[in-house]
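Hi everyone, thanks for coming. Let me put the structure up, and then we can walk through a few parts of it together.

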Amino acid sequence: MMEKEILELLRLERMREPLSPSRRVREFQMRLQRIKNGEETEVAGFLLARKPPNAPRDAAYYLLSPLSPSELAGLEKDEFRTYLIVRATENTRVSGEVRPGSYVLVRGVMDAYPLGNMRMMHAESIAGRDYSEYWLDYKDFALSRREVIDLFERTVYLRDDMRRALIYSLYGVPYMPWGSNAPRWGEGFDYTVYKHGEDLGLLALWKALKYLYSNLPWETRLGKETALEIDDPLLGIDFRVGNPNKTDMMYYTPLSKKSLVKLPKWAERFVINKNAIGLLPHNVEPNPMDILAKISETPFVLAPWEEKPYFEESREFKQLLPNLLVTVFMQRERFRSMSPLKLEELKKEHLKWRQWGRREYGETFGKLTTSEGVLHLGMRYYLDTRLFGAITRFRGKITKKAAKEVREINESILNDWNVVINDLKRTHPEIVMRLTREYERYVPGDVRAQKAVEIFHDLASTSLTGEITREEFLAGLTEYGFSASDASELIEKLIATGYIYKPFPGKLRLVR
């Protein structure tokens with residue numbers, strides 16, 4: 001018993017200090033007090049665009065809050081509040097987006113407010129800033145990778161690969177300058193889980209994701225509400241402010257059982273275009289031709305024989321969510337974009353997964369990876385680069401381990417969908433027949449030609465443009481074991497029979 005108590009004390013000793021609104025307010029007030037009247041300085045905060053009480057009429061006066069709109073609205077009536085009064089004139093320069101609720105940087109000269117004991121700044125400029133900068137001011141509160149993993153392991157009990165993918169999804173996806181054929185998606189990530197048979201496990205997962213979502217700040221939750229009403233009991237005034245977060249780092253989880261079956265129209269465009277991070281338990285039987293499954297970075301299937309997910313309402317988890325957001329936005333700042341030239345290790349692991357899939361599942365792998373299937377190879381590689389980017393943001397660097405982890409997650413997903421296909425043969429044979437027809441449509445009858453098409457597809461779908469040169473295809477065939485003469489003959493045969501074509505001289509593309 002004593003040993004358990006000692007271990008608990010050690011754990012509490014190691015706990016990261018939560019980043020609380022009260023701490024932000026205290027630090028803001030202390031900073032204002034240290035600035036002398038007449039001193040030029042700059043102060044960041046959320047512009048409330050509301051006149052303070054008894055404001056003079058010689059200029060425009062606004063209130064600036066150190067807290068985000070949701071944090072300000074969440075304060076108890078007796079909790080300490082503080083504001084900076086901003087005095088703006090026709091000479092004040094305004095740049096960027098400056099609206100009620102915007103996060104702004106005000107530069108000017110500090111002074112005392114004529115009425116009351118608040119401080120005032122004669123604003124020389126007001127510049128709209130990115131919402132993420134609000135969190136970047138507190139980098140000392142960021143969590144380590146181990147702390148993030150431990151936090152989720154103590155809160156969400158889930159299959160290991162599903163839990164890791166959930167963590168990665170929260171970090172969003174760096175921009176990658178891809179070929180013109182790639183979708184123009186944002187930083188969003190679709191973490192999708194389908195039920196298979198019983199749905200108790202999926203509903204338990206939904207409960208966990210709702211808990212995470214509901215404890216996030218309003219600014220980071222994708223919702224219908226575009227404005228927030230705030231009352232200040234001390235000043236006796238109210239504010240109506242918009243959402244300052246204009247990034248794709250907004251999270252969405254369905255809040256009703258109806259939305260588990262079909263995404264609401266208003267949310268669908270954000271999820272489909274990756275302008276939000278969708279945490280999406282999908283309360284329907286998995287369909288390999290479902291559009292959401294085909295564009296999801298992690299289209300998991302929760303099998304009924306697996307251990308049911310569950311979570312514990314953790315006070316520590318709730319307190320450290322602001323710290324987690326600091327971590328996410330800090331890593332986002334470090335990895336805004338990623339060059340495709342950094343994907344060489346991922347490409348190797350992705351091709352290993354293809355070889356493993358063909359060896360383990362044969363024709364089933366072929367059906368799932370057609371253009372109609374959930375694991376369409378061209379799209380799958382693009383989605384893998386996005387998953388790789390999210391893992392890189394989490395890890396803080398590009399590593400071979402991240403590429404290997406993408407392959408491991410893909411193997412789990414393929415295992416899930418192999419079970420689905422086997423059941424669909426009995427319950428929905430028309431779906432399997434459609435995939436079969438699509439598969440056979442592009443598979444030559446000759447075994448050697450089949451292998452050549454597979455090699456071409458692997459080369460083309462992992463290129464930036466979806467095209468390769470004849471020389472690259474020839475090298476791929478000879479590397480596999482074809483002689484140079486047989487390889488040349490196969491290329492001409494595949495062109496003649498319509499499996500590949502020349503979009504323009506020197507380039508080859510698969511007919512699919």
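This is a predicted model: local features need pLDDT of at least 70, side-chain atom pairs count only at pLDDT 80 or more; totals for chains, interfaces and linings use all residues.

Residues are numbered from 1 along each chain as its sequence is written, and side-chain values use heavy atoms, with hydrogens and water left out.

Strands here are DSSP runs of E, at least two residues, and helices are runs of H or I, at least four residues, numbered from the N terminus. Two strands pair if DSSP finds at least two bridges between them. Strand β8, residues 189-195, pairs with β13 in the parallel sense over five bridges. Both belong to an open sheet of four strands, ordered β11-β12-β8-β13 with parallel pairing. The edges are β11 (251-252) and β13 (298-302), each pairing on one side only.

Now look at the loop between α6 (160-169) and β8, where you'll find Gly 186. Is Gly 186 buried or exposed? Gly 186 counts as buried because its relative accessibility is 17%, and buried means under 20% relative accessible area, with a 1.4 Å probe and protein chains only. Beyond its neighbours within four places in sequence, Gly 186 is in contact (heavy atoms within 4.5 Å) with Asp 248, Asn 273, Lys 274, Asn 275 and Arg 386. Its C-alpha atom is separated by 8.6 Å from that of Pro 174, twelve residues apart along the chain.

Notes:
Buried means under 20% relative accessible area, exposed over 50%, partly exposed in between (1.4 Å probe, protein chains only).
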